[in-house]
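Please read it alongside the sequence and the structure shown below.

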Amino acid sequence: MKKFAVVFPGQGSQYVGMGKELYDNFSIARQTFEEASDALGMSVEELCFENDEQALTMTENCQPAILTVSTAMYQVFQTEYKCVPFYAAGHSLGEYTALVISGALAFSDAVKIVRSRGRFMQEASTQDNLMAAVSGLYSDIVVEECRKVSVDNKVVVVSNFNSPQQSTISGDKSAVEAVVKNLEAIGATSTVLKVSAPFHSPFMQSAAEKLKAELEKYKFGDMRKCQVVSNVTGKPYESSASIIDNLTLQMTKPVQWVNTLRFLESEGVLAYLEFGPKHVMKNLVKRTITNVSTYSYDEEEDKKKLKEEFQPAQDKLRFISKCMAIAVFTRNNSDDEEAYEKGVIFPYRKVKEMYEELEAKREQPTFEQAKEALEMLKSVFRTKQTELKEQEERWKELYNEVGYQFDFDIFSAFR
């Protein structure tokens with residue numbers, strides 16, 4: 001299985017009927033919608049399935065709706081495949097979904113936060129503001145043009161670095177229109193966006209201040225299930241302590257989506273799974289990175305392709321052999337020969353004998369035997385002084401291939 005990341009879309013991907021097929025066919029999806037409805041005191045199902053497009057497009061409505069659909073999709077995927085991503089990232093609003101699936105933010109809290117976030121954004125909007133997408137030119141050209149046009153209070157900035165040649169700009173209406181006109185003259189194409197405010201710009205300062213006060217009412221836990229990449233930095237969060245500051249800054253700073261994807265590329269991520277309505281994130285990945293696999297869980301053809309790459313195997317004996325392989329190929333950072341004999345050679349030999357006996361009898365390992373192989377691997381990591389990050393990556397590799405078949409607490413295995 002390839003090293004993979006999950007990505008979540010932001011506002012603008014919504015459509016009437018999104019998530020209904022999952023709701024009708026999977027209990028975990030129904031539970032997710034019901035939890036959102038209970039948290040908000042309104043029917044999220046009705047909002048997504050029955051309301052008109054205008055109601056769904058309202059910022060305070062579409063943000064919790066997209067978050068709910070994205071989370072429901074990811075939950076369904078987990079029940080089917082039980083695969084742990086190495087990283088999670090979300091575009092603007094999508095970062096909240098990434099924090100939810102990482103374990104840092106309770107889903108019921110997240111839907112309440114983003115509903116308030118949407119309301120704060122709407123309140124900060126004026127008729128003198130505008131947002132537009134610009135395609136066909138590299139972002140440094142767009143940045144420079146925004147700098148030239150911005151004078152006094154007539155400010156326009158790049159608000160989203162979506163792909164190398166696709167950006168969005170936000171700001172004063174006349175300034176945005178001037179930038180669009182100038183860029184179109186040198187070959188760009190543009191689209192005025194139907195959004196309620198100039199997102200990710202200095203014009204969102206009042207909304208950012210309100211959001212920070214709202215975020216401080218909630219608790220954020222550790223990202224114990226996977227690392228989350230921040231929109232503001234384009235790098236993973238170092239701890240949950242920076243969540244409030246980063247989500248606040250996200251309101252007035254540009255979404256560094258290109259930097260996010262470049263980081264994931266540098267980490268060897270070869271597959272990107274999008275969970276949310278439509279396939280916006282899938283397309284942005286394809287425009288930014290080559291030679292990777294991309295999937296949108298909202299597309300039936302992509303769900304079929306996923307089965308080829310992520311379908312779990314059924315041979316439990318592979319868990320033992322995978323533990324042994326990882327133990328052998330993990331680099332030794334210690335020169336203590338006595339400890340190596342006791343902590344590596346002896347437990348490995350014992351597991352190897354167990355594996356050979358099971359293989360000869362054509363038997364599958366029991367839970368206790370699998371646990372013994374896991375304990376051997378933990379001993380090897382401890383003795384070889386393997387760094388925690390490498391341990392976690394090795395464990396995810398193990399779990400994604402075969403570990404789902406055993407009920408281990410994978411996220412605390414090496415802590």
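**Helix packing: α7 and α10**

Helix α7 crosses α10 in a right-handed sense. The model is predicted, and every value here is computed from it.

- The two helices span residues 107-123 (α7) and 205-215 (α10), and their axes are 9 Å apart at an angle of about 160°.
- Angles over 145 degrees count as roughly antiparallel, and α7 and α10 are therefore roughly antiparallel to each other.
- On the α7 side, the contact is made by Ile113, Ser116, Arg117, Phe120, Met121 and Glu123.
- On the α10 side, Ala207, Lys210, Leu211, Glu214 and Leu215 make the contact.
- Sorted by class, the contact of α7 with α10 has six nonpolar residues, four charged residues and one polar residue.

**Helix packing: α15 and α17**

- Helix α15 (residues 317-329) packs against α17 at an angle of about 10°, and the axes are 9 Å apart.
- Angles under 35 degrees count as roughly parallel, so α15 is roughly parallel to α17.
- α15 contributes Phe319, Ile320, Cys323, Met324, Ile326, Ala327 and Val328 to the contact.
- These meet Gln369, Ala370, Ala373, Leu374, Met376, Leu377, Val380, Phe381 and Lys384 of α17.
- The residues of the contact of α15 with α17 divide into 14 nonpolar, one polar and one charged.

**The two sides of α8**

- Helix α8 covers residues 139-149, and its buried residues are Val142, Glu145, Cys146 and Val149.
- Asp140, Arg147 and Lys148 are exposed residues on the face of α8 turned away from its buried side.
- The elements covering the buried residues of α8 include the strands β3 (129-135), β4 (156-163) and β5 (166-172), as well as helix α9 (173-184).

- Gly343 lies in helix α16, which runs over residues 337-361.
- Buried means under 20% relative accessible area, and Gly343 is buried because its value is 7%.
- Leaving out residues up to four places away in sequence, Gly343 touches Ser379, Val380 and Thr383.
- Gly343 and Ser379 are 36 residues apart along the chain, yet their C-alpha atoms are separated by 5.5 Å.
- Arg349 is also found in helix α16, but this residue counts as partly exposed at 44% relative accessibility.
- Between Arg349 and Glu363 there are 14 residues of sequence separation, and their C-alpha atoms are 19 Å apart in space.

**Loop residues with positive phi**

- Most residues other than glycine have a negative phi.
- Lys278 has a positive phi, near 65°, and is not a glycine.
- The place of Lys278 is the loop between β8 (271-274) and α13 (280-288).
- Lys278 is partly exposed, with a relative accessible area of 35%.
- Gln385, likewise a residue other than glycine, has a positive phi near 55°.
- Gln385 is in the loop between α17 (367-384) and α18 (388-401).
- Its relative accessible area of 48% makes Gln385 partly exposed.

How values were computed: Residues numbered from 1 in each chain as written. Predicted model: local features only at pLDDT ≥ 70, side-chain atom pairs only at ≥ 80, totals over all residues. Heavy atoms only, no water. Axes fitted to C-alpha atoms, helices over the stretch in contact; angles between N-to-C directions. Helix = DSSP H or I, 4+ residues; strand = E, 2+ residues; numbered from the N terminus. Parallel < 35°, antiparallel > 145°, perpendicular 65-115°, else oblique. Left-handed = near helix turned anticlockwise from the far one by under 90°. Contact = heavy atoms within 4.5 Å. Nonpolar A, V, L, I, M, F, W, Y, C, P; charged D, E, K, R; others polar. Buried < 20%, exposed > 50% of the residue type's maximum accessible area, 1.4 Å probe, protein only.
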